[in-house]
Amino acid sequence: MNFWGAWRRHRWFAFLVNAALCAILAGPVLAFASQAAINPTTPENPGDIDPVVAINASSTESLTKNVKRTVLKNGMVVLTKEVHNAPVATVQVWYKIGSRNEAPGVNGIAHQLEHMLFKGTKTRPVQFGRLLSALGSDFNAFTSYDHTVYYETLERNKIASALALEADRMQNAIIDPKLLEGEKRVVISELQGNENSAAYRLGKAVQELALPDSPYGLSVGGTKADVQTFTEPQVRSYYSSYYTPNNAVLVLVGDFDTDQILAEVRNIMEPIPSRPVTVKTPVATPRVVKSRSITLREPGSNALINAVYPLPNATDPDVPALDVMNYILSVGRSSRLYQRLVETGQVSGVSAGAANLAGSGWYEYSATTDPGKPLAQIDKVIQAEIGKIQKTPASKVEIDRAKSQLRAGYLLSYRDIGSQARQLGNDETTSGDYQFTDKYLANVQKVTAADVQRVASKYLVPSKRVVGFFEPDNSKGKPASGGTGHNAAANLGAPLDPSELQKYLPKAPIDSLASNQSLPQATILPNGLKLLLLRDPSSPTVTLQGNITAGTEFDIPAKAGVASLTASNLMNGTTSKSALEIAKGLENRGASLGFSASREGVTIGGNALAEDLPVLVQTLGDVLQNANFPAKDFANSRQRALTALQAELDNPSSVARRRFQQAIYPQNHPFTNFPTLASLKSINRQELAQFYSQLYQPQNTQIALVGNFDPASAKQLLAKTLGNWQSKAKESRTLSYAEPQLPAKNVVIQPTIVGKTQSVTIMGNKAINRRDPRFYAALVLNQVLGGDTLSSRLGTEIRDRLGLTYGIYSSFAAGKRQGTFLISMQTDPNNAKLAVEKSIELIRDVKNKGLSAAEVDNAKQSIASNYTVELGSADDVAGTSLSNLVYGLPENEIREFPNKIRSVTLAQVNQAAKELLHPDNFVVITAGPPLGNKANDKSEAAKPLVSGQPEGQPAAPAEPNQEKSNKSLESSPVPSEEKSSSEQTPETQPHVSTPASPSSANE
């Protein structure tokens, strides 16, 4: 599936992702650009007067110094790296086969095969998601241009179990014609879901035109036309040709002894016989490019620009200079394109990035603005900025800033074992050298202004560029090409009895799993501000997380949007510094800081190199106490909010989420207040200042700091910076939360959005808050129902057996206030009604009959084990501790949570099902294309959203992507009702800095 934005674990770049299989959705993401420290210098350009500090390039520790490379007798490459921060490890298998090995007619076959590798093996004829979930692992897979990857992060005593499962599906996968037909429907649902995005459609068209003779011009996920024609012999041929140990790289990172784990690897993997592999790279049929531009006039919300230039492959010596060039142009608020276009209000967003893969690459830029804006003129501005960097050397300040951003980004990304493993796997398969990133970073430090000028002139040539424009045209009311619907239910036999699952699970040795991970030190300053401090010396970095009780629940209907605008304007200036001064103060050092409002709070997120902790904390203290909301910056941010709202109203996931929220809660409940075009336009900067003074108070604030620092010194720094912060409010604000009531019968609302191919359904009922004693039983119940798509009842029935959806999940959204139980899925519009009916039927069956003891036991084991995995990094420990603090839970909750899960009884789970599931009183929202049957449709069904209706600001799109379970809802201080449900996992190109093009398809 296609997403724009930064990857949570690699905040220094954003990569355009094409995800693939079913998913359990994760929390919202604050994407922060990563930046670092730079050399003092006399400004080379007028006005460039940033105070800077020196880079100590030699202090950049090798990222691969503890890595061991081993080649097995069968040709498999094994990369191992010991990391002893927590009793967990990640296992990743990288196959050197991707969409670059395809051609028109078989486009997407590698991706289709990836789906089939979850359908079971001859020795384990069971959905592999169920096995991996039972191990308590955080698992997924993705297909990209150059490779296909399967991975699990799990407790260290289960490494051998994961290896056994990967060895099994490397040799014995079931490629059954009936299973293939069902999975083709799932893939087509995913591909059609991509088409819901105008940005995806434009990017795909530009990519095809820019790379007409290259398989990189093809879509990673494939096309509907090609997928429909795949046969069992074709898919099996790809499996037998490429899934062999001598075409694979195994990466292991985590808490193990290298010699012992290599013995396990040899025992499990080395007996697999190798086969000759001839990895062909078909060339697409040459096409004559008659035009270097394309314009799409289709239904949509915002006007878009997308342009692509061809680039060399990953190992080309020009790549470091290209990335430095890109950071100067597009990364951070101080970048040239941001200053020229966003700060002047011409666009609401602009991004760019270089993607350099095994075969070749491309440079891409994109911009988003309001309909009616002169796209050609905006494109000329971008071209003018590119021309400047070609004609005039960049200043030393800019060059050093870009180097700092790149360096800091890599160090910050290496805080978790999954990211470390992905970097190693990507480097080995893309460049043939697992140490590539170390060498790349060393070469970045050698880049000069002349190098930047040279590569800009060499590659960003107008005659080589293809540019695309998207001009929204909703007058036609023509949906994008839809699907054929579901013709007949698959008859694949009864789902596997959970009690039978254990016989297919590899046995894991008993391990105490003692962790050396410390818990945060809690402190309350005299002004009421709460601090959590956790030292983590494993990385020369720090991460700051926080929460302020100033969320959107405090909005009033007429001024809905004040909370979000206040949070987004905090960095726009203080009484002593302008927005640009604040941005440069952080970006010069590779630090970042951002604020984002959710329903129950404002999330604070920041990071920096450890040496720059004072800069990060001092900036935080300044904006929390002295923000002044400059009029010009406020006007621009409000316009960007209006543009974003238009995009949300064009997104089926967003529309479904807000309509669901408004239907669940009574009128005037704080959770029903959402921004409208009218409310946003009515807000002025004085109202932001008033909201700020009333709610941004120290006693409403919690901050967690984790990283390489001395806790006593950090506490002293925070106390000095924030200890004198005093509340400016004369009185505190209180809210009234009316009790939501169940409807007398199911309520069905079907908002129509023009131009969409897939429907998104969200349905459910009112439920519980986080402190409800039934919470733990509800988590176990939910794990069985839909907490993990590939192993849950909903996933087994609606996705695997019936093939009605690309992904389906359920969750109990339990925050400080009463939340909801909800089910979310994406379907072909012709399948939506049947999918809803089957889901309700399943929930009704669980409510009336309960779950089995085997199901409950498996779910408890999975949740408890996965909790250990989720706390595998210091960042996650701090984040979970912060959530517990926000929710008012006991200090020992983080340690007691697994025991509370294990103590849940079958009777408690079944009682929770009776009390919390109300399938005959559901609110059912299906947003997207017109549906075939509207018998239960309310008056809103065919009515498009317009300004003035009680539209809301929902969380980010609830579209399936990352295979990450909602097993614990306490890992974020943002209630999951307000969470973004997309967590990207793009391909880890070491030199991709900002959005590029569709690159990977995730399981």
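In the predicted model, strands E8 and E9 are joined by a hairpin through three residues. Strand E8 (residues 138–144) pairs with E9 in the antiparallel sense, and six bridges connect the two. Within this pairing, Phe139 has Glu152 of E9 as its bridge partner. Strand E9 (residues 148–155) also pairs with strand E7 (residues 88–95), again in the antiparallel sense, over eight bridges. Here the bridge partner of Tyr95 is Thr148 in E9. Strand E9 is mostly covered, with eight of its eight residues buried.

The pairing of E24 with strand E25 (residues 820–827) is antiparallel and comprises eight bridges; in E25, Met825 is the bridge partner of Ile808. Strand E24 (residues 805–813) is mostly covered, since nine of its nine residues are buried.

An open sheet is built from six strands in the order E16-E17-E21-E18-E20-E19, and its pairing is mixed. Its edges are formed by strand E16 (521–524) and strand E19 (592–597), each of which pairs on one side only. On average, neighbouring strands of this sheet are turned by 15° against each other when direction is ignored. Strands of a sheet pair through backbone hydrogen bonds, in either the parallel or the antiparallel sense. Helix H29 (residues 874–886) lies across strand E17 (530–535), E18 and strand E21 (701–707). The direction of H29 is at about 165° to that of E21.

Helix H4 (residues 177–194) contains 18 residues. The distance from its first C-alpha to its last is 26 Å, close to the 26 Å expected at 1.5 Å a residue. Of the 18 residues of H4, 14 are buried, and the helix is accordingly described as mostly covered. At the start of H4, the backbone nitrogen of Lys178 is approached by a side-chain oxygen of Asp176 to within 2.9 Å.

Several loop residues were examined individually. Glu343 is located in the loop between helix H10 (336–342) and strand E13 (349–356). Glu343 counts as buried because its relative accessibility is 9%, below the 20% cut-off. The side chain of Glu343 makes a polar contact, at 2.7 Å, with the side chain of Arg333. When residues up to four places away in sequence are not counted, Glu343 touches Arg333, Tyr338, Lys632, Asp633 and Asn636.

Most residues other than glycine have a negative phi. Phe629, although not a glycine, has a positive phi of about 50°. Phe629 lies in the loop between helix H19 (613–626) and helix H20 (631–648), and counts as buried because its relative accessibility is 1%. Asn668 is likewise not a glycine and has a positive phi of about 75°. The loop that holds Asn668 runs between helix H21 (652–664) and helix H22 (677–682). Asn668 is exposed because its relative accessible area is 60%, above the cut-off of 50%.

For the protein as a whole, the secondary structure comprises 31 helices and 27 strands. Of the 1003 residues, 66% are buried. Among contacts between residues at least 6 apart in sequence, 85% join residues at least 24 apart.

The mean pLDDT of the protein is 85, and 83% of its residues reach 70 or more. Over residues 1–59, however, pLDDT stays under 50, and the model has 287 contacts beyond four places in sequence for this stretch. Residues 933–1001 also have a pLDDT below 50, and the model contains 353 contacts for this stretch beyond near neighbours in sequence.

How values were computed:
Residues numbered from 1 in each chain as written. Predicted model: local features only at pLDDT ≥ 70, side-chain atom pairs only at ≥ 80, totals over all residues. Heavy atoms only, no water. Helix = DSSP H or I, 4+ residues; strand = E, 2+ residues; numbered from the N terminus. Buried < 20%, exposed > 50% of the residue type's maximum accessible area, 1.4 Å probe, protein only. Polar contact = N/O pair within 3.5 Å; in protein donor to acceptor, adjacent residues only side chain to side chain. Contact = heavy atoms within 4.5 Å. Expected span 1.5 Å × (residues − 1). Pairing = 2+ DSSP bridges. pLDDT = per-residue confidence, 0-100. Axes fitted to C-alpha atoms, helices over the stretch in contact; angles between N-to-C directions.
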